[in-house]
Amino acid sequence: MPRRPAKVTQADIARAIRAAKEAGASAITVDAEGVIRITLTVDAMPIKAINGREEIWTPSEALQRYLKSTESG
């Protein structure tokens, strides 16, 4: 019986971990279906734009409330 293809690869997980660290995430989970979830903290550091402008992106209050309401724990 042939092996079934992986739902998530090691490369996918490595990319998710790098992105999560960059965003200041508090946790990463991978479920049995291969869905990668990155848990962000409400008080995450603002993200600087990479397009050369001096703009700084911060989550809106609505996004912060949503992130807080979706935290499991």
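Ile13 touches Val8, Val30 and Ile36, leaving aside residues up to four places away in sequence; contact here means heavy atoms within 4.5 Å. This is a predicted model, in which local features need pLDDT of at least 70 and side-chain atom pairs count only at pLDDT 80 or more, while totals for chains, interfaces and linings use all residues. Residues are numbered from 1 along each chain as its sequence is written, and side-chain values use heavy atoms, with hydrogens and water left out.

Ile13 sits in helix α1 (residues 10–23). Helices (H or I, at least four residues) and strands (E, at least two) are DSSP runs, numbered from the N terminus. Along the chain, Ile13 and Val30 are 17 residues apart, and their C-alpha atoms are separated by 8.4 Å. Ile13 counts as partly exposed because its relative accessibility is 29%; buried means under 20% relative accessible area, exposed over 50%, and partly exposed in between (1.4 Å probe, protein chains only).

Val30 leads on to the strands, for this residue stands opposite Ile36 in β2. Strand β1 (residues 25–30) pairs with strand β2 (residues 36–40) in the antiparallel sense, over 5 bridges; pairing requires that DSSP finds at least two bridges between two strands. Their hairpin has 5 residues between the strands, and Gly34 there takes a positive phi near 90°. Ile38 also has its place in strand β2, and its 38% relative accessibility is why Ile38 counts as partly exposed.

How confident is the prediction? The average pLDDT of the chain is 76, and 73% of the residues score at least 70, where pLDDT is the predictor's confidence in each residue, from 0 to 100.
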